[in-house]
Amino acid sequence: MAYVAHFLKLILVYQLLGEAGTYYGVRFGKTIPWVTEFPFGVIKDPQYVGSIMSLLACFLWVPFQYILLWVLGYVFMMHVESKEDPSTRAKPLH
């Protein structure tokens, strides 16, 4: 089930953001529109949340300390990205 959920997440992200949006194209000068469709308008940092959920689904096969360390890395990146300069992020379409 974790593999299916991860695969569906990848399809949804690529469909909504495109390749440049998925791989931080805005950091390389690409113009990326701000996406508000589900899950982006409902869940803050849905890519990180989905990745964390995928990691938690592996609890039976991966030792707890590895999952915890990886999850803490994602939480740290969510914090860092929330504090960065808004001019380096995607722009809302108005």
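This is a predicted model: local features need pLDDT of at least 70, side-chain atom pairs count only at pLDDT 80 or more; totals for chains, interfaces and linings use all residues.
Biologist: Happy to start simply: which pattern does the protein chain follow, read along the sequence?

Modeller: The protein chain has 0 strands, and its helices number 3. Read along the sequence, that gives the pattern α-α-α.

Biologist: Which element gives the most residues to the largest nonpolar core?

Modeller: Good one to look at on screen. The largest nonpolar core holds 7 residues, namely Tyr48, Ile52, Leu55, Ile67, Val71, Tyr74 and Met78. Two elements, α2 (46-56) and α3 (64-82), each give two or more residues to this core. With 4 residues, the one that gives the most is α3.

Biologist: Is isoleucine 11 buried, partly exposed or exposed?

Modeller: Isoleucine 11 sits in helix α1, which covers residues 2-22. Together with Met1, Val4, Phe7 and Leu8, Ile11 forms a nonpolar surface patch with about 570 Å² of accessible area. The relative accessible area of isoleucine 11 is 42%, and buried would need under 20% while exposed would need over 50%. Isoleucine 11 is therefore partly exposed.

Biologist: How far apart are the end C-alpha atoms of residues 48-76?

Modeller: That stretch carries the feature "transmembrane region" in an unreviewed UniProt entry. Over residues 48-76 the chain is 76% helix and 0% strand. The end C-alpha atoms of this stretch lie apart by 10 Å.

Biologist: And what share of the protein chain's residues count as buried?

Modeller: The protein chain exposes about 7200 Å², with carbon and sulfur atoms supplying 71% of that area. Of its 94 residues, the share that count as buried is 27%.

Key: Residues are numbered from 1 along each chain as its sequence is written. Side-chain values use heavy atoms; hydrogens and water are left out. UniProt positions are given in the numbering used here, feature names are shortened, and annotations may be inferred rather than shown by experiment. Patches are made of residues with over 30% relative accessible area and no salt bridge: like charges are joined within 9 Å, nonpolar side chains (Val, Leu, Ile, Met, Phe, Trp, Tyr) within 5 Å. Accessible areas come from the Shrake-Rupley method with a 1.4 Å probe; for residues, only the protein chains shown count as cover. A salt bridge is a side-chain nitrogen of Lys or Arg within 4 Å of a carboxyl oxygen of Asp or Glu. Buried means under 20% relative accessible area, exposed over 50%, partly exposed in between (1.4 Å probe, protein chains only). A nonpolar core is a set of buried Ala, Val, Leu, Ile, Met, Phe, Trp, Tyr and Cys residues joined through side-chain atoms within 4.5 Å.
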